[in-house]
Amino acid sequence: MTKKKIFIFTATRAEYGLLRWIVKTLQEDPSFETYLIVGGTHLSLADGYTLEEIKEDGVKNIIQLPFLNASRTSEALSSSIGTGIIQLSKVFDLLKPDFSLVLGDRYELFIFAITSMMFKTPIIHIAGGERTEGVIDEQVRHAITKMAHIHMVTTEFYAENVSKMGEEDWRIHIVGSPGLENIKKLKLYSKEEIYNLLGINLDYPTVLCTYHPVTLENEENTISQVKNLLESLSQYDIQVILTKPNAEVGSDKITDFIKNFIKDKKNMYLFDSLGSKMYLSIMQYAKAVVGNSSSGIIEAPSFNIPTLNIGDRQKGRFRPESVVDVGYSLEDIKKGLEKVLFDKEFLDRIKNIKNPYGDGNTSQYVLEALNKILDLPREKLLKKTLDFEVKKDEWHRYF
């Protein structure tokens, strides 16, 4: 049987962390010849050069796309998309993949989706149908859904959203969230190992914090939000471990503000990138996850710890009971911290919650879904029809 050539794209540490087991599963399967296209912050020294993490995982057939500008302005990031398309089109022309696989909602996905569309390559999109109303990711995600040909969504709730967008139900596969597979399969570090690697004692009450730009709001508002967050956290006798935001408009200003704020704080630490294993290892011992990262909504519930989700970045995303939503003000954030750190009734209630995002076997479900479409005529995959009648019995469910 002729192997099917599949391209998988990653541009950030968080994205690769979600794709890790899918890449591994497909590269081990004899039905596929799998290439990982790596660009964005993976190749940026300022952002931790996380290409090394990918190499350490033993990933083969890595193709590097150094398209990202150093600046985080709208002009710089827009031009990065153009540069990426130019670079990737040469790779497509040379290797001619049978399928393209992308995950999520970041602007860099346009590089892959546009190139795939122009080369008539069927696009498989993971994690469509989700909602994050405070950021441009919302628009990117839904645009990619309309460009994609196969939709591998994380929950039935999101499958229905994709169906309501006119996507034919036979194209929709419910596979769960790939982030949970890291929790299930990675051998996470112990407290002692974390101390030896980072010099941080997690016997001390610790909060894990990431704050990304809310890209549909102006940059001045974002800095004010970060200021309120850090001032609130600094009023408690807790240790705060922060990670840098994604490469988005205004992210460099957030990083600079955090560095300046914590320079005389002995209980606050900022890391360019912790990597998936270290990030989840710290999460399992944390008192709470704080900020506006999706990891607080999707991964943190698996550890039965609370999340304080701030503002509108994740607005509209399906969340379990362990997530507490607050506004941007100092008063709102402090009230939220009181709840996730000290509210015994709330903390007892979430001790046994079930994570609604799957069972941690997403890579296997993705493989099963791919095997269902391998023999479909290319013309059937590429020619899309608007269908606004939701027929749930046609969705493929894997968990």
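**Reading helix packing and burial in a predicted model**

Modeller: Let's start with one residue. Setting aside residues up to four places away in sequence, Leu103 touches Glu15, Leu18, Leu19, Leu109, Ile126 and Pro178. Please keep in mind that this is a predicted model.

Biologist: Which strand is Leu103 found in, and is Leu103 buried or exposed?

Modeller: Leu103 lies in strand β4, which covers residues 99-103. Its relative accessible area is 6%, and the cut-off for buried is under 20%, so Leu103 is buried.

Biologist: How many residues apart in sequence are Leu103 and Val135, and how many Å apart in space?

Modeller: They are separated by 32 residues in sequence and by 17 Å in space, C-alpha to C-alpha.

Biologist: Now to helices. What describes two packed helices?

Modeller: Take helix α3 (residues 74-95) and helix α4 (residues 109-118): their axes are 9 Å apart, at an angle of about 45°. That angle makes α3 oblique to α4. The crossing of the pair is right-handed.

Biologist: Which residues of α3 and α4 make the contact?

Modeller: From α3 come Ser80, Ile81, Gly84, Ile85, Leu88, Ser89 and Phe92, and from α4 come Phe110, Ile111, Phe112, Ile114, Thr115 and Ser116. Sorted by class, this contact has 8 nonpolar, 5 polar and no charged residues.

Biologist: I'd like a second pair. At what angle do α8 and α11 cross?

Modeller: Helix α8 (residues 191-198) and helix α11 (residues 275-285) cross at roughly 130°, and their axes come within 10 Å. Here too the angle gives a named class: α8 is oblique to α11. The α8 and α11 crossing is left-handed.

Biologist: Which residues meet there, and how many are charged?

Modeller: On the α8 side are Lys191, Ile194, Leu197 and Leu198, which meet Met278, Ser281, Ile282 and Tyr285 of α11. The classes come to 6 nonpolar, 1 polar and 1 charged.

Biologist: Stepping back, how many helices and strands does the protein chain have?

Modeller: The chain has 16 helices and 14 strands. Its radius of gyration is 21 Å, close to the 21 Å from the globule rule for 399 residues, so the chain is as compact as a globular protein of that length. The C-alpha trace spans about 60 × 45 × 40 Å along its principal axes.

Biologist: What share of the residues count as buried?

Modeller: Of the 399 residues, 57% do. As for contacts between residues at least 6 apart in sequence, 72% join residues at least 24 apart.

How values were computed. Residues are numbered from 1 along each chain as its sequence is written. This is a predicted model: local features need pLDDT of at least 70, side-chain atom pairs count only at pLDDT 80 or more; totals for chains, interfaces and linings use all residues. Side-chain values use heavy atoms; hydrogens and water are left out. Axes are lines fitted to C-alpha atoms, for helices over the stretch in contact, and angles run from 0 to 180 degrees between N-to-C directions. Helices (H or I, at least four residues) and strands (E, at least two) are DSSP runs, numbered from the N terminus. Angles under 35 degrees count as roughly parallel, over 145 as roughly antiparallel, 65 to 115 as roughly perpendicular and the rest as oblique. A crossing is left-handed if the near helix is turned anticlockwise from the far one by less than a right angle, and right-handed if clockwise. Contact means heavy atoms within 4.5 Å. Ala, Val, Leu, Ile, Met, Phe, Trp, Tyr, Cys and Pro count as nonpolar, Asp, Glu, Lys and Arg as charged, and the others, Gly among them, as polar. The radius of gyration is taken over C-alpha atoms; the globule rule is 2.2 Å times the number of residues to the power 0.38. Buried means under 20% relative accessible area, exposed over 50%, partly exposed in between (1.4 Å probe, protein chains only).
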